[in-house]
Amino acid sequence: MRQILFAAAFALVLSLVGTPVLIRILAKHGYGQMIRDDGPKAHHSKRGTPTMGGIAFILATLIAYGMTKAIVGSMPSASALLVLFLFTGMGLVGFLDDYIKIVKQRSLGLRAKAKMAGQLIVGIVFAVGSLNFADSSGTTPASTNLSFVRDFSWSLGPVLFVLWALFMILAMSNGVNLTDGLDGLATGASVMVFGAYTFIGIWEYGQTCGSANTAGPNCYQVSSPLDLAVVAAALMGACFGFLWWNTSPAKIFMGDTGSLALGGALAGLAICSHTEMLLAILGGLFVLITLSVVIQVTSFRTTGRRVFKMAPLQHHFELKGWSEVLIVVRFWIIQGLCVAVGLGLFYAGWVAS
């Protein structure tokens, strides 16, 4: 268990110390955020704030995980490396998007098709890889079976599983991207979900099938759950450190570099811990905000009317006169409740099995 403490502590310190260094580098080169003119007017004062802050917690997570493995003298697992690959790969796609925005001085970066192609390539490599690299017990990082708190009895098959994994990756990465509209909102919400996956990994490790103490119908057939907990703890610590600088008034934004990376990591942890559909509850705030955009677009295209003053949902409340800090804190409360419900269902699934 000391691996989890090491990973979280290293990532926290690296992110906390490294982010201001990144802020100075980005500010020196003029890598500031572009703000859309049609957005809330209160955001215009944020124009020029350093962006691409996701670089800080991506590097902090990777270094912290590597340091932890070196100190304890254990080899990285395939499950952990695949999640970190997805995390970093999606971050690279986001970085290209952010970089083009800055260089071209426009609010839109990569063209939609190019951005989607990058996400699909990274997602396919992860999905295919997760069905390979079986551990010593023959368990692969992912299963072709659908899962909620554990695998269901029916299998999607390899092809449908890859499509399902791609849907999860795209949905979560873009969901976090949509949530990243107010200072600290997406970062704080992500900390909570990564904390939940740290707990889930520890619990699954303690109830692993094949262990002398956990043989029975309620054990978990998951590959390297403890290492997944180490990755989740590193992500939690890195985001916590970044939040110090990202909270209102933000000194740096995570950009698409960070939001796509975080969404990818969440999807990867859900797939490899066999809690795929539970992620919709654990990450309930991301789902809620994504649905607000879907509802807004659908309503406007079908009826010509808008349900919200502006989408995503957080901007609706801004235009209603709520302060940015008030929205963020209340949305964090909603996210905290989602995590509590999700973990309650996870535990109930173990008790009932």
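In the predicted model, Leu-16 is located in helix α1. With a relative accessibility of 33%, Leu-16 is classed as partly exposed, because that class lies between the limits of 20% for buried and 50% for exposed residues. Leu-16 belongs to a nonpolar surface patch that also contains Leu-12, Val-13, Val-17, Phe-240 and Trp-244. Together, the residues of this patch have about 600 Å² of accessible area. Two helices, α1 (2–28) and α7 (225–246), each contribute at least two residues to the patch. The largest share, 4 residues, is supplied by α1.

Buried positions in α4 are Lys-115, Gly-118, Gln-119, Val-122, Gly-123, Phe-126, Ala-127, Gly-129 and Ser-130. The cover over these buried residues includes α3 (78–104), α5 (158–179) and α8 (255–272).

Lys-115, a residue of helix α4, has a relative accessibility of 15% and therefore counts as buried, the limit for that class being 20%. When residues up to four places away in sequence are left aside, Lys-115 touches Val-93, Asp-97, Leu-110, Asp-256 and Leu-260.

At the level of the whole protein chain, 12 helices and 2 strands are assigned. Read from the N terminus, the order of elements is α-α-α-α-β-β-α-α-α-α-α-α-α-α. The radius of gyration of the chain is 20 Å, close to the 20 Å given by the globule rule for 353 residues, so the chain is as compact as a globular protein of that length. The C-alpha trace spans about 60 × 50 × 35 Å along its principal axes.

Of its 353 residues, 52% count as buried. Among contacts in the chain with a separation of 6 or more, 77% are between residues 24 or more positions apart. The accessible surface of the chain amounts to about 15,300 Å², and carbon and sulfur atoms account for 69% of this area.

Conventions. Residues numbered from 1 in each chain as written. Predicted model: local features only at pLDDT ≥ 70, side-chain atom pairs only at ≥ 80, totals over all residues. Heavy atoms only, no water. Patch = residues over 30% accessible without salt bridge, like charges linked within 9 Å, V, L, I, M, F, W, Y side chains within 5 Å. Areas by Shrake-Rupley, 256 points an atom, 1.4 Å probe, with all protein chains shown as cover. Salt bridge = Lys/Arg side-chain N within 4 Å of Asp/Glu carboxyl O. Buried < 20%, exposed > 50% of the residue type's maximum accessible area, 1.4 Å probe, protein only. Contact = heavy atoms within 4.5 Å. Rg over C-alpha atoms; globule rule 2.2 N^0.38 Å.
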